[in-house]
Amino acid sequence: MTANKKLIAGIFAIAAAACLLVISQRPGSVPVQALSKAEQELHIAKLEAYTKSYDEDSSYYRVRKKWEAAKVPVPKRQYTIPLAQLDGGKVYDQLQSGGYGSDVIYLEPKDPFSFELNVDDEGLYEIWLDYCVLPQSAINPELAIEINGTKQYNEMDELRLAVDWKVEEGRKVDRFGDELAQRSEILSIWKKSGLTDPNFFFTDPLKFYMKKGNNQVRITLREGAVLIGKIGLSNSASSALPYETYRKNSKGSSQAGSGSRIITLEAERVSVKSRQSIRAKYMRDPQVTPYDYKHRVLNVLDGYSFGESGDSVSYSFDVAESGFYHLTFKYSQDTNNGMPTHRRIEIDGEVPFQEMECYNFDYSGGWTNETLGDSASVPYEIYLEKGSHTLTLSVDNSNMRDIYHELLATTKAIDSIAQDINQLTGGLVDKKRKWRIEKYIPDIKVYLSGIASKLAEQKNALIVQTRNEDLPAIGELEAAEQLVREFIADPEKLPHYRSKFSEGEHSAYGKIKSVLPMLIYNPMHLDKIYVHQGSDLPAPKAGFITGAVESSKAFMYSFFNKRYSRSDDTDSDAVEVWVNQSRLYVDVMQRMIDEKFTPATGIKINLSVLPDENKIVLSNAAGSTPDAAMGIGYGKPFELALRGIVENLEPYDGFHELTKEYNPGSFISVIYDKGIYGFPETQDVKLLFYRKDILKFLGEDPPQTWDDVIGLVPMLQRYDMNFYTPLGSNNAFKGFDNTTPFIYQFGGRLYDETGTKAVVNTDGAYKAFEFMTDLFTVYNVPITTSEFYQSFRNGTTPVGISDANTYIQLKYAAPELAGQWGILPIPGVANQDGTIERWDPTYGSSSVIFKNSAKKDKAWAFIKWWASAETQSVFSYNIKAALGDKFLYMTANLEGFKKSAWPSDSKDAILEQWKWIQASGRVPGDYVLEREISNAWNKVVFGKENPRVAIENAVKTTNRELERKLKEFGYVKDGKPVKPYVVPTIENVENWVKTDGN
């Protein structure tokens with residue numbers, strides 16, 4: 001190398017070193033100085049103390065940690081509470097006890113029972129019950145428990161009793177030869193079980209603290225119907241031994257590898273399952289068995305239905321000869337972002353050895369055989385006696401318990417810091433301003449360092465647990481840690497870069513939240529289970545030639561399959577119905593029709609999926625509409641009626657009798673002129689959601705009126721929290737579902753009696769408009785909230801109005817909030833007699849009959865059967881059984897809803913709110929009024945326009961369009977009415993619904 005080249009190389013080296021030095025010292029960069037282990041632990045301890053002062057975690061995980069830290073004793077003494085000491089419920093004698101052999105207590109929803117227990121030693125005890133779940137339960141029972149008048153942790157408000165669902169044997173097929181899903185029913189037998197963690201982070205029963213002396217225990221049944229026998233207090237201990245010890249202690253000398261016996265279990269043929277919606281499914285794949293290219297055959301245990309915490313399935317099998325056996329599972333797990341899945345494996349109700357308590361199945365993009373074995377792939381040998389056995393697979397979260405809760409605590413720490421920052425800055429973003437964060441939060445760097453250390457700690461724990469450093473979840477935690485470390489050197493940047501720290505899915509907070517669901521979801525498809533000796537098993541994958549041949553056969557057969565033929569080619573007598581729902585919904589409906597309706601009436605029904613409602617108008621133009629359609633969205637029946645496409649249902653036999661089971665307000669949107677052109681199927685509901693824990697901390701009650709809301713908002717804002725109303729969603733368009741509740745509650749109207757003029761600029765309607773703009777311009781309710789569910793969950797918006805979907809999310813996807821939230825009817829306005837008017841439109845779907853159908857009477861007979869309370873109730877349970885607990889069907893039939901699969905804890909609030917249904921009567925051209933009210937609201941809230949000016953301009957624009965549309969449909973000529981148009985309202989809707997016509 002020449003001297004010049006050496007000189008140039010030296011200069012580049014010096015420059016590079018200088019750049020690295022500058023970068024390392026630049027504010028916001030990751031500090032180069034690593035903390036010692038002791039310093040990290042100190043920072044984490046300070047962070048936890050800070051977070052605790054802000055938000056005390058009352059989950060069982062945290063409470064149990066405190067008990068363990070305090071070394072609360074776990075006594076060995078056992079106690080039994082005889083039936084005579086139980087107060088509550090209904091006593092059933094031995095003959096009614098379902099085989100228990102002595103008197104028992106019968107409980108149904110909302111029934112409490114209590115007992116007093118005198119214990120000699122204070123400490124932690126498990127509560128064990130003898131119970132029998134009765135067939136009429138239909139859904140898994142839930143309990144709430146109090147000890148000495150308090151709930152020691154959140155989960156005590158929502159405990160679940162395990163239920164066994166017996167799966168019917170044999171195969172059933174539909175009219176096309178496709179196999180139907182197996183039905184299941186509750187196995188109503190007596191069980192003895194300890195009360196368990198509803199979130200399944202712990203496999204042993206829950207502990208409850210009992211003081212020395214008398215203790216009052218009160219248990220309330222929330223769901224289901226059960227019989228209660230003996231109740232006991234005791235403490236159990238895990239008896240599973242390590243595999244090496246188990247193998248040494250097992251009798252028999254022959255090894256599993258020396259035999260040749262193979263017992264094959266088809267995984268879709270479950271004997272007993274813990275949840276009705278765990279199901280088999282069909283895969284058109286020659287790699288799985290059974291397989292048929294012509295028909296759908298159930299051939300796989302659906303991993304998407306068998307991946308939730310607490311799920312379990314059991315199989316029965318017979319062993320011909322005693323000896324050691326291997327267990328092999330043919331599985332596929334190609335979801336959940338590469339995370340491994342795990343199962344607890346029991347033989348005859350017991351875990352044979354510790355390694356089976358939580359066995360990991362690695363991510364697999366295709367079918368693979370996994371023989372249970374150790375880390376060196378040496379297969380485990382399990383001793384089985386000759387005779388009958390059961391194999392049980394279950395899902396729990398015990399291996400992710402610490403990681404999940406520590407990450408959850410980290411998000412709460414980020415929340416706490418973000419709220420302190422917002423209180424200091426008032427939410428102001430001004431990059432030129434120095435806030436002197438460290439002056440007001442002296443330990444801010446320590447807290448941030450503690451968060452980064454916790455993230456690094458849990459990231460490493462996750463790597464150990466999954467044995468994989470390249471998972472997307474690991475990358476998300478690394479990115480979150482990096483984002484937090486950027487603020488350690490310069491906390492002054494926190495107010496300016498909240499999108500990196502605490503707000504949005506790309507912030508540190510958002511990245512951690514995205515990881516949490518991955519930790520507790522464990523899907524795994526199963527095709528076969530082998531109980532075998534030796535290693536000679538069928539290959540898990542089919543060869544290329546086999547796959548190509550079977551695909552070709554299936555393709556060719558599709559041209560001759562009756563399922564894809566036109567209905568008039570298959571059965572000219574059948575009523576053709578289009579359904580605007582998913583294929584899974586339609587399959588459940590078709591099965592109900594084939595098993596119940598058709599045998600009873602002789603009327604055949606063919607259901608087809610309607611992918612797009614706009615297809616109806618096009619089909620009408622082409623003369624190819626079906627006989628009826630279901631699941632038609634809000635507003636569509638009116639539009640179709642305007643064009644003469646659908647039939648008036650009011651004259652049909654039994655119409656008025658059936659409407660008695662519905663709220664009259666549900667029909668307003670399907671009324672046109674003198675007819676009713678649709679029949680309600682479903683309807684939504686808005687409810688007030690509130691955080692019990694936060695309102696208790698504030699000393700406030702849930703608001704009942706809008707005046708209460710106005711009084712509550714300043715208190716919430718004082719703690720950097722707020723109230724949510726759907727008007728504050730991130731959708732710029734504010735539809736009637738958001739604006740008319742205020743108008744009707746304040747006593748306003750949308751139109752005059754003739755429907756020719758908008759009157760939202762007068763009386764109560766204008767007061768409502770002024771109030772719903774003042775909420776944002778005067779009282780500073782947030783103008784946009786991207787996701788109420790998430791802000792409610794983290795506590796920044798602890799009170800707000802939302803729909804049934806939010807209820808489902810909170811109940812089934814926010815386990816940490818169990819018992820900490822509630823629902824009520826929405827706030828309203830008190831009228832002159834003091835009644836709080838909570839008017840709200842309910843949007844839903846309807847059924848229609850097409851005018852050109854030749855089978856109108858048959859179509860109406862079907863709709864009348866489908867809309868009945870009994871059918872709607874049964875369908876709600878069938879949908880839940882087929883698709884899972886989160887799929888709750890909200891029927892518009894009030895009587896059907898009372899008996900539906902909806903959880904009992906919400907039915908009262910929903911039914912109360914449904915008393916206040918007031919939809920907007922449809923008028924030709926009403927879409928302009930909806931749009932103009934929305935535009936006026938935006939002009940006032942965002943453009944600071946005067947409310948009176950904005951609403952007056954909206955009325956002028958609307959009236960022009962109303963006149964044009966009424967003229968188009970023959971109601972107005974030369975500016976004068978030529979025939980009356982009666983706008984349906986809550987006051988006159990009964991003229992259509994409850995009478996015989998006029």
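**Entry 1: helices H5 and H7**

I began with a pair of helices and noted that H5 passes H7 in a left-handed crossing. The model I am reading is a predicted one, and I keep that in mind for every entry below. I then looked up the geometry of the pair, and found that helix H5 (residues 401–425) and helix H7 (residues 444–466) pack at an angle of about 160°, with their axes 10 Å apart. Because angles over 145 degrees count as roughly antiparallel, H5 is roughly antiparallel to H7.

Next I listed who touches whom. From H5 the contact takes Asp 402, Ile 403, Glu 406, Leu 407, Thr 410, Ala 413, Ile 414 and Ile 417, and these meet a set in H7 that includes Ile 444, Tyr 447, Leu 448, Ile 451, Lys 454 and Leu 455. Sorted by class, the contact of H5 with H7 holds 12 nonpolar, 3 polar and 3 charged residues.

**Entry 2: helices H27 and H28**

I turned to a second pair, in which helix H27 (residues 926–941) packs with helix H28 (residues 947–968) at an angle of about 165°, their axes being 9 Å apart. H27 and H28 are therefore roughly antiparallel to each other, and here I wrote down a right-handed crossing of H27 past H28.

On the H27 side I found Asp 926, Tyr 927, Val 928, Leu 929, Arg 931, Glu 932, Ala 936 and Val 940 in the contact, while the H28 side includes Pro 947, Ala 950, Ile 951, Ala 954, Thr 957 and Thr 958. The class count for the contact of H27 with H28 came to 10 nonpolar, 2 polar and 6 charged residues.

**Entry 3: helices H13 and H23**

In H13 the residues Met 589, Met 592, Ile 593, Lys 596 and Phe 597 meet Ala 861, Phe 862, Trp 865 and Trp 866 of H23. By class I noted 8 nonpolar residues, no polar ones and 1 charged one in the contact of H13 with H23.

How many cavities of 30 Å³ or more does a search of the whole structure find? The search gave 6 cavities of 30 Å³ or more, and I followed up two of them.

The largest cavity has about 130 Å³ of space. It is lined by 20 residues, and those closest to its centre are Ser 666, Ser 669, Thr 842, Gly 844 and Ser 846. I sorted the lining of the largest cavity into 9 nonpolar, 11 polar and no charged residues.

The second largest cavity has about 100 Å³ of space, and of its 13 lining residues Thr 725, Pro 726, Pro 741, Phe 742 and Ile 801 lie nearest its centre. Helix H19 (residues 736–745) gives the largest share of the lining of the second largest cavity, namely 5 residues. By class, the lining of the second largest cavity has 7 nonpolar, 3 polar and 3 charged residues.

**Entry 4: two backbone details**

Last, I looked at the backbone in two loops. Thr 289 and Pro 290 are joined by a cis peptide bond, with omega about -5°, and I located Pro 290 in the loop between strand E17 (280–281) and strand E18 (300–301). Lys 71, a residue other than glycine, has a positive phi near 55°, and I found Lys 71 in the loop between helix H3 (60–69) and strand E1 (79–81).

Key. Residues are numbered from 1 along each chain as its sequence is written. This is a predicted model: local features need pLDDT of at least 70, side-chain atom pairs count only at pLDDT 80 or more; totals for chains, interfaces and linings use all residues. Side-chain values use heavy atoms; hydrogens and water are left out. Axes are lines fitted to C-alpha atoms, for helices over the stretch in contact, and angles run from 0 to 180 degrees between N-to-C directions. Helices (H or I, at least four residues) and strands (E, at least two) are DSSP runs, numbered from the N terminus. Angles under 35 degrees count as roughly parallel, over 145 as roughly antiparallel, 65 to 115 as roughly perpendicular and the rest as oblique. A crossing is left-handed if the near helix is turned anticlockwise from the far one by less than a right angle, and right-handed if clockwise. Contact means heavy atoms within 4.5 Å. Ala, Val, Leu, Ile, Met, Phe, Trp, Tyr, Cys and Pro count as nonpolar, Asp, Glu, Lys and Arg as charged, and the others, Gly among them, as polar. On a 1 Å grid over the protein atoms alone, a cavity is a set of points where a 1.4 Å probe fits but cannot get out, and a pocket is an open set with protein on both sides within 12 Å along at least five of seven lines; lining residues have an atom within 4 Å of a point. Grid points are joined across faces, edges and corners, and a volume is the space filled by probe spheres set on the points.
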